[in-house]
Amino acid sequence: AGAVSTLDAADLTPEQVGAAVHDLTGGGAHVSVDAIGGTASSLASLLGLRRRGRHVQVGLMAGDDARAAIAYDRVVAWELDVLGSHGMATADYPAMLELVADGRLDVGALVQRTVSLDEAVDFLVDPDATVPGITVIDRFAP
């Protein structure tokens, strides 16, 4: 999707991810976005920022993560901005879907797999089924 570099963080602590991002970017990212909504991903995203960087937390964090601690020592010392975004308002969906329909917004590269309606139940309840990207449930898939 146009990334200059990538990092497999599956077996890394948030601190290791932050350090790796600093190395890859020559001092940290200007902006980080966490749309996963977990304590570890949010902390890793925050720790990967450079001084005066901006972190955007997209979507609601649920369960035990709903009141996740924030690394305020880093936020204050490095003068970071931390912003929250609920996500796209439903009123904006028609305009976004129009961009997809006429080809100006290509989301095809984000689709990692398609499952049938019969496979969907097993997929949705399997915690190990999570893969990066989008999974489409297609009632007509074989």
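**Salt bridges and pockets**

Searching the whole structure turns up three salt bridges, a salt bridge being a side-chain nitrogen of Lys or Arg within 4 Å of a carboxyl oxygen of Asp or Glu. The model is predicted, so local features need pLDDT of at least 70 and side-chain atom pairs count only at pLDDT 80 or more, while totals for chains, interfaces and linings use all residues. Numbering runs from 1 along each chain as its sequence is written, and side-chain values use heavy atoms, with hydrogens and water left out.

In one, Glu-79 meets Arg-52 at 3.8 Å, N to O; Glu-79 sits in the loop between helix H3 (72-77) and S3, and Arg-52 in S2, 27 residues apart. Helices (H or I, at least four residues) and strands (E, at least two) are DSSP runs numbered from the N terminus. Glu-79 is exposed at 51% relative accessible area, and so is Arg-52 at 65% (buried is under 20%, exposed over 50%, partly exposed in between, with a 1.4 Å probe and protein chains only). In another, Asp-81 pairs with Arg-54, their closest N and O atoms being 3.5 Å apart. Asp-81 belongs to S3 and Arg-54 to S2, so this pair also ties together parts 27 residues apart in sequence. Asp-81 is partly exposed at 34%, as is Arg-54 at 39%. Then there is Asp-102 with Arg-104, at 2.9 Å between the closest N and O atoms; Asp-102 is partly exposed at 42%, whereas Arg-104 is exposed at 58%.

The largest pocket has a volume of about 690 Å³. Of its 23 lining residues, Val-17, Val-21, Val-33, Ala-44 and Ser-45 are closest to the centre. Pockets come from a 1 Å grid over the protein atoms alone: open sets of points where a 1.4 Å probe fits, with protein on both sides within 12 Å along at least five of seven lines, and lining residues have an atom within 4 Å of a point. The lining comprises 14 nonpolar, eight polar and one charged residues.

The second largest pocket, at about 180 Å³, is lined by 14 residues, with Ser-42, Gln-57, Met-61, Ile-70 and Val-82 nearest its centre. H2 supplies the largest share of that lining, four residues. Ser-42 itself lies in helix H2 and counts as buried at 16% relative accessibility. Leaving out residues up to four places away in sequence, Ser-42 touches Asp-34, His-55, Gln-57 and Met-61, contact meaning heavy atoms within 4.5 Å.

Methods:
Points joined across faces, edges and corners; volume = space filled by probe spheres on them. Nonpolar A, V, L, I, M, F, W, Y, C, P; charged D, E, K, R; others polar.
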